[in-house]
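Trainee: I have a new model open and would like to go through parts of it. Can we start?
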Amino acid sequence: MDEREVLRTVPIFSELSDEDITSLAHLALRKRYPKDTVIFFENEEGDFFFTILEGRVKVTILGDDGREVILSVLGPGDFFGEMALLDNEPRSATAIAVEETELLSLHRNDFQTVLNDNRSITTALIRVLSARLRRANHQISTLALLDVYGRVARVIVDMAREEGKRLRDGRIAFRRATHQEIANRIGTTRETVTRMLKDLERQGLIHVEGKEIVVQPDFEKVFD
């Protein structure tokens, strides 16, 4: 696909006119990042807005003691890096490619021009940022109000809803994250996650099938 076709696949740009898409194609840069590559570090100056074309990126906080808290894992069509461009503050987190990833980037000046000239992008941006704020509130309440068992269960249901595909029998299958990744999302240890997942599987609430976790409908409804 050429640049214009690629841009058409990105939700935030989907409503642009052909003329605007063509103009944007001249401004955007495409780059591939190997697995585990740091795209930017927390507290760096932010000059670029990124959209994911292929692969996955985790947005994370890295502690001085080596501990990690994963704020979100983003996939194709998602964007990140906009906060530093909107408020002129340093990066608020670190972004790392979870697997080989292709990104589309816009420089700060071009990003601001695109926002000023296209109301549809501004509206889409506000809508996504509002959804992320709701997820952040949800994550804070999970960490504050649930015990470790509840936090593990909640993150499994959240991942199923965010990333999963509904099977014919009503179950949801989604990518099997590492136990360390789950632990880093909820502030616990890998060993604790391993123990809790085994318990959920013994109860028949989840089932591991190859590279996927399958969640039973009744388990999902617990958090409705």
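Mentor: We will take a helix pair, then a helix, then an arginine.
Mentor: This is a predicted model, where local features need pLDDT of at least 70, side-chain atom pairs count only at pLDDT 80 or more, and totals for chains, interfaces and linings use all residues. Residues are numbered from 1 along each chain as its sequence is written, and side-chain values use heavy atoms, leaving out hydrogens and water.

Trainee: At what angle do the axes of α6 and α8 cross?
Mentor: At roughly 70°, and the axes of α6 (residues 148-163) and α8 (residues 190-202) come within 10 Å. That makes α6 roughly perpendicular to α8 (65 to 115 degrees).

Trainee: Which residues of α6 make the contact?
Mentor: V148, Y149, V152 and I156, against T192, V193, M196, L197, D199 and L200 of α8. Contact means heavy atoms within 4.5 Å.

Trainee: New topic. How many residues of α7 are buried?
Mentor: Six of the eight in α7 (residues 179-186), so the helix is largely enclosed by the rest of the structure. Buried means under 20% relative accessible area, with a 1.4 Å probe and protein chains only.

Trainee: What covers them?
Mentor: The cover includes β5 (68-74), α5 (119-145), α6, β10 and α8.

Trainee: And R171, where does that lie?
Mentor: In the loop between β9 (165-166) and β10 (172-175). R171 is buried, with a relative accessible area of 17%.

Trainee: What does its side chain make a polar contact with?
Mentor: The side chain of D169, at 2.8 Å. A polar contact is a pair of N or O atoms within 3.5 Å; within protein, one must be able to donate a hydrogen and the other to accept it, and residues adjacent in sequence count only if both atoms are side-chain atoms.

Notes. Axes fitted to C-alpha atoms, helices over the stretch in contact; angles between N-to-C directions. Helix = DSSP H or I, 4+ residues; strand = E, 2+ residues; numbered from the N terminus. Parallel < 35°, antiparallel > 145°, perpendicular 65-115°, else oblique. Buried < 20%, exposed > 50% of the residue type's maximum accessible area, 1.4 Å probe, protein only.
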